[in-house]
Amino acid sequence: MPVNAYDTLQSRGLVEWCGTPERLGEVLEKETTTIYIGFDPTADSLHVGHLIPIMALAWIQRCGHRPIALAGGGTGLIGDPSGKSKERNLITIEEVRKNIEGVRPQLAHFLDFDCGENSALLVNNYDWLSTFSFLDVLRDVGKHFSVNTLIARDYVRSRLDDPDRGISYTEFSYVLLQSMDFRHLYETYGCRLQMGGNDQQGNLIAGADYVRKTTGGEVFGLTQPLLLTSSGGKFGKTEEGAVWLDPKRTSPYKFYQFWINTGDMDVERLLKLFTFLPFEEIAAVMDGHGKNPENRAAQRRLAFEATSLVHGEETARNAAAASEVLFGSKSLAGIGEETLATLENEVPFSALEGMACGGMTAVDVLTACGACESKGEAKRAVKQGAVSINELRVDNEGYVITRDNLLYGKYIFIRVGKKRFHLARMD
């Protein structure tokens with residue numbers, strides 16, 4: 001890994017644009033620098049789309065600098081119009097505070113908030129923005145911004161040209177608030193670099209100009225790429241919507257599966273972006289993947305590393321084991337009870353009443369849990385050799401399942417055909 005923080009970010013694919021890359025590289029090499037990225041708390045969880053700026057902050061800290069995660073408690077009340085085709089719905093201060101508390105523990109998986117001089121900070125811009133009056137902003141801030149320049153921005157121009165959409169003065173003024181953030185962090189913490197997604201480039205330039213004009217300080221802006229998959233889709237989106245970091249919104253298993261489904265054309269780039277693996281190890285992973293791509297070893301490593309970062313190694317192991325049971329070659333033998341508990345939420349699941357002393361026939365189990373709609377369908381599936389129960393192929397409709405056959409004394413894992421799964425638990 002390069003020692004210089006700028007070189008590190010660039011080599012990992014975390015730099016899209018920088019106004020003065022050589023000068024910024026020089027500053028990051030010679031000085032311990034404070035860097036910030038802002039997150040608008042529009043939800044009580046971050047999602048996969050936030051991972052690029054989070055990883056950028058994490059690498060910054062690993063290179064010895066101090067990261068600031070700015071929660072937009074103030075700006076979140078307004079909503080950033082950058083890249084948006086319509087006005088955002090405004091949220092209340094109570095919702096903003098609740099959302100910030102939801103995001104705080106997620107950031108702690110990536111940033112160290114107690115490691116000495118370069119400990120990460122989480123700050124809320126409502127704390128200072130709320131102290132300004134409207135007249136203060138117009139007189140002391142607004143005079144430094146050219147309306148001509150603001151109107152020339154693509155997203156503003158597109159909204160102005162469409163009479164059905166337009167842009168409110170509220171959203172139009174967002175850039176002033178973000179620039180005020182940069183100045184406050186510069187004066188309070190010595191922050192010299194603001195980072196953000198590439199749709200933030202205009203705001204970053206405006207903020208750096210405002211700090212220079214009002215303080216004379218030398219500050220910088222840097223953007224990360226807005227990722228698209230090799231098929232042209234927006235990264236971090238599925239048919240079900242966003243992939244969240246909160247396990248209540250997106251289960252660890254589904255989170256793991258999101259990464260498993262990465263295409264071969266994307267996986268090496270994502271290993272560099274979303275893991276802390278050294279390049280030598282990534283090269284070894286890709287070399288092995290190239291020899292047997294059908295095994296999807298690179299995707300499995302990416303999924304495990306990303307899930308470990310967000311949910312912890314133990315949860316990642318359970319998610320990986322569950323995935324291998326369903327779609328790989330992993331046997332139920334030796335599978336952990338935690339993995340079976342994970343599968344309760346990921347495959348069709350039934351909790352059945354206590355098993356009779358003599359057990360239940362396979363046909364009765366198949367119909368009782370809903371794996372088959374009727375006894376007739378269950379009998380046909382058994383006769384066709386399409387049913388396995390706890391990995392034992394059942395070809396006799398009279399086969400009896402007893403307590404001794406249950407996994408951990410309570411689970412029955414059923415396959416009907418190659419792609420239909422059902423998990424039953426005897427309560």
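Author: Happy to! The crossing of H10 and H11 is right-handed, meaning that the near helix is turned clockwise from the far one by less than a right angle. This is a predicted model, where local features need pLDDT of at least 70 and side-chain atom pairs pLDDT 80 or more, while totals for chains, interfaces and linings use all residues. Residues are numbered from 1 along each chain as its sequence is written, and side-chain values use heavy atoms, without hydrogens and water.

Reader: Where are H10 and H11, and at roughly what angle do they cross?
Author: H10 covers residues 174-189 and H11 residues 201-215, with their axes coming within 8 Å and crossing at roughly 55 degrees. Axes are lines fitted to C-alpha atoms, for helices over the stretch in contact, and angles run from 0 to 180 degrees between N-to-C directions. The pair is therefore oblique, the class left after under 35 degrees (roughly parallel), over 145 (roughly antiparallel) and 65 to 115 (roughly perpendicular).

Reader: Which residues meet there?
Author: On the H10 side they include Tyr174, Phe182 and Tyr186, and on the H11 side Leu204, Tyr210 and Val211. The residues of this contact (heavy atoms within 4.5 Å) divide into ten nonpolar, six polar and two charged.

Reader: Nice. Switching topic, what's the strand order in the open sheet?
Author: The five strands run S9-S15-S14-S11-S12, with mixed pairing. Two strands pair if DSSP finds at least two bridges between them. Strands are DSSP E runs of at least two residues, and helices are H or I runs of at least four, numbered from the N terminus.

Reader: Which strands stand at the edges?
Author: S9 (349-352) and S12 (392-394) do, each with a single partner strand, so one side of each has no neighbour in the sheet. The twist averages 25 degrees from one strand to the next.

Reader: How many bridges join S9 to S15?
Author: Four, and the two strands run parallel, with S15 spanning residues 420-426. Ser350, for instance, has Ala424 in S15 as its bridge partner.

Reader: What lies across S14 and S15?
Author: Helix H16 (residues 313-327) does, running at about 40 degrees to S14.

Reader: And which residues of H13 are buried?
Author: In H13 (residues 267-274), Val267, Leu270, Leu271, Leu273 and Phe274 are buried, that is, under 20% relative accessible area with a 1.4 Å probe, protein chains only. Their cover includes helices H3, H12, H14 and H15.

Reader: What about the whole chain?
Author: The protein chain has 19 helices and 15 strands, and 50% of its 427 residues count as buried.

Terms used: Nonpolar A, V, L, I, M, F, W, Y, C, P; charged D, E, K, R; others polar.
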